[in-house]
Amino acid sequence: MGERALRGVSAAPGVAFGRAVVLDRSAALDAKVIAHSDRPAELERARDSLRLVATELEQIASGLRDAGRHEEADIIETSIMMVGDPGLDAAVEGLVMQSGRTAATALHEATEESAQQLAQLADPVLAERADDVRSLGRRAAARASGVRAGVVSGILIAGTLGPADVAEIAMNAKGVALAGGGVTAHAAIVARSLGVPMVVGIGAGVLDVEDGEEVVLDGERGVLFRQPEPARVAAARAEAERRRLARQHAVASRLEPAQTKDGHRLRVLANAASVAEVVEALEQGAEGVGLLRTELLFLDSQAWPAQAQQATFLGLILAPLTGRVATIRLLDFGGDKTPPFLRGATSRGIELLLEAPEALKAQLAAIVGAGAEVKLRILIPMVTSPAQVRAVRQALSAILAGRPSPEVGAMIETPEAARDASEIAKVSDFLSIGTNDLTQLVLGLDREHSKSAPVTDARVMRLIDKTVRAAHAAGIVVDVCGESASDAVAMPILVGLGVDELSVAAARVGEVRQWIRGLDFAASRADSERWLLDQPADAAGKRL
Ligand code: PEP
Ligand code: MG
């Protein structure tokens, strides 16, 4: 049989060749019945997986205790107790021994059932444990399928994956192909951030790929090739090697300053939502985190995330950042990041959070508690007025009760905020320009479906210019954390406009630092000024 193309949608660029590791054959597995004679061994495999997960969690918990993070360790230990729950064990035993389910399917089904029971409880704290149980099930099922944490070295194939799964399991994977999922799904954001090629929406047929089968994943065109032709394999290998060398170069240059040829220093930070991204960013020389998208951790939540739950996640993500800048953005729910409990809500970002003062308080308390060892900055999403910044400061000061305050910054990502940047700058310690939303909102595009984001449109750049001037007039720094900060065309213009910090996907940190070393700041300044002057007042979409 010749080469066969399974088409999906590109979710993260890059081309990879490798052996398929089929993580979740749910459709196929449901149909598969284990022979009676094999069931005891299958049950033992399921139990071994649960024991392995318990050991992994114990290691995480003891690491947290060693770091003095007792509250977070307590929470992880609750998860360990769930793994050892006799009810779970009995459910798994029934599914394997009586129904002949495979270990992975039994673990999935048993944990899903417990999760659904928990989700129905009236107590929101208990209901939140549903996500933890699902995550345990995924983790144990992965172990039962032979996938060890961080050691997937082939092309990972699954039905769907959550962002934590991508961050952990796919950390060393060559690529990810999913039957479901979407380009804007948070798993895709994490894959892009880690530089892992990813194709989503291929359909259930992808789960028929055999474990160990050689495939080529083309993350540029959104295709998975079975029985790939030799020329395709050779091209994929060459592309993977090019990316490997680029990363090696980035890591080798991580101590070189992010400084232009004429000595102008910039700070390169990373956008992150997982430990894996933070670690990768630091390896590539990031000075810290410029945007921690906290909402991505809670997109499946049934209620506003509790303080202790947030503290656990933050504790893990901030651990590698001791002594460095960690910019934690307040929950930016709404739009394409709406969890089940907020369905139908029309507000977004800080507006939504200010409508739920207890949730704001819980998050601020979690951030202040978890951020003791980092240079903490709190970032407010979707700001539209200075009053919102003042409201956050007020809530924060109640929590701090006289202790020194972390810096508080506003995201400038709405046209209203950009126009009012001077007033917002006066009440902020720093500004961060979110060019993803700003571009879409200024140009009236749909973020989820539009294929391009022409940040170099003069209408957007003028607002960025205005924001930079407003920040500097107020004596505060200004950062760009949208994808334009790592766009080869936009980035030099941003530097020329005087942006102080660029916050980019972890996998892009090294490259952006290298670009900065190739720039001449005086020339970039002159180019950006001339470029803005050259644009007609209503110029649309013109590129350099
Ligand atoms: C942005 O809008 O540019 C931004 C960084 O925020 P997010 O992509 O998380 O909406
Ligand atoms: Mg945004």
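What share of the contacts in the protein chain with a separation of 6 or more comes from residues 24 or more positions apart? Such residues account for 68% of these contacts, where contact means heavy atoms within 4.5 Å.

The model is a predicted one, in which local features need pLDDT of at least 70 and side-chain atom pairs count only at pLDDT 80 or more, while totals for chains, interfaces and linings use all residues. Residues are numbered from 1 along each chain as its sequence is written, chains are lettered from A and ligands numbered from 1 in the order in which they are written, and side-chain values use heavy atoms, with hydrogens and water left out.

**Overall composition**

The protein chain contains 21 helices and 16 strands. Here helices (H or I, at least four residues) and strands (E, at least two) are DSSP runs, numbered from the N terminus. Of the 544 residues in the protein chain, 54% are buried. Buried means under 20% relative accessible area, exposed means over 50%, and partly exposed lies in between (1.4 Å probe, protein chains only).

**Helices 19 and 21**

Two packed helices are described by the angle between their axes and the distance between the axes. Helix 19 (residues 490–497) and helix 21 (residues 521–534) have axes that come within 7 Å and cross at roughly 100°. Axes are lines fitted to C-alpha atoms, for helices over the stretch in contact, and angles run from 0 to 180 degrees between N-to-C directions. Helix 19 and helix 21 are therefore roughly perpendicular to each other; angles under 35 degrees count as roughly parallel, over 145 as roughly antiparallel, 65 to 115 as roughly perpendicular and the rest as oblique.

On the side of helix 19, the residues that meet helix 21 are Pro492, Ile493, Val495, Gly496 and Leu497. Their partners in helix 21 are Phe521, Ser524, Arg525, Ser528, Trp531 and Leu532. By class, this contact of helix 19 with helix 21 has seven nonpolar, three polar and one charged residues. Ala, Val, Leu, Ile, Met, Phe, Trp, Tyr, Cys and Pro count as nonpolar, Asp, Glu, Lys and Arg as charged, and the others, Gly among them, as polar.

Leu519 lies in the loop between helix 20 and helix 21 and counts as buried at 13% relative accessibility. Leaving aside its neighbours within four places in sequence, Leu519 is in contact with residues including Met491, Pro492, Val495 and Ser524. Thr260, Lys261 and Asp262 are also among its contacts. Leu519 and Gly496 are 23 residues apart in sequence, and their C-alpha atoms are 9.7 Å apart in space.

**Cavities**

The model has two cavities of 30 Å³ or more. On a 1 Å grid over the protein atoms alone, a cavity is a set of points where a 1.4 Å probe fits but cannot get out, and lining residues have an atom within 4 Å of a point. Grid points are joined across faces, edges and corners, and a volume is the space filled by probe spheres set on the points.

The largest cavity has a volume of about 90 Å³. Its lining consists of 15 residues, of which Arg293, Arg329, Glu413, Asn436 and Asp437 lie nearest its centre. Strand 10 (288–293) and helix 17 (435–443) each supply at least two residues of this lining, and helix 17 gives the largest share, three residues. By class, the lining of the largest cavity divides into three nonpolar, four polar and eight charged residues.

The second largest cavity has a volume of about 30 Å³. His249, Ala250, Ser253, Gln284, Gly510, Arg513, Gln514 and Arg517 line the second largest cavity. Helix 9 (230–252) and helix 20 (509–518) are the elements that give two or more residues to this lining. The largest share, four residues, comes from helix 20.

**Residues with positive phi**

Most residues other than glycine have a negative phi, and most peptide bonds are trans.

A glycine, Gly285, follows helix 10 and has a positive phi near 95°. In helix 10 (residues 275–283), the buried residues are Ala276, Glu277, Val278, Glu280, Ala281 and Leu282.

Definitions and conventions
On a 1 Å grid over the protein atoms alone, a cavity is a set of points where a 1.4 Å probe fits but cannot get out, and a pocket is an open set with protein on both sides within 12 Å along at least five of seven lines; lining residues have an atom within 4 Å of a point.
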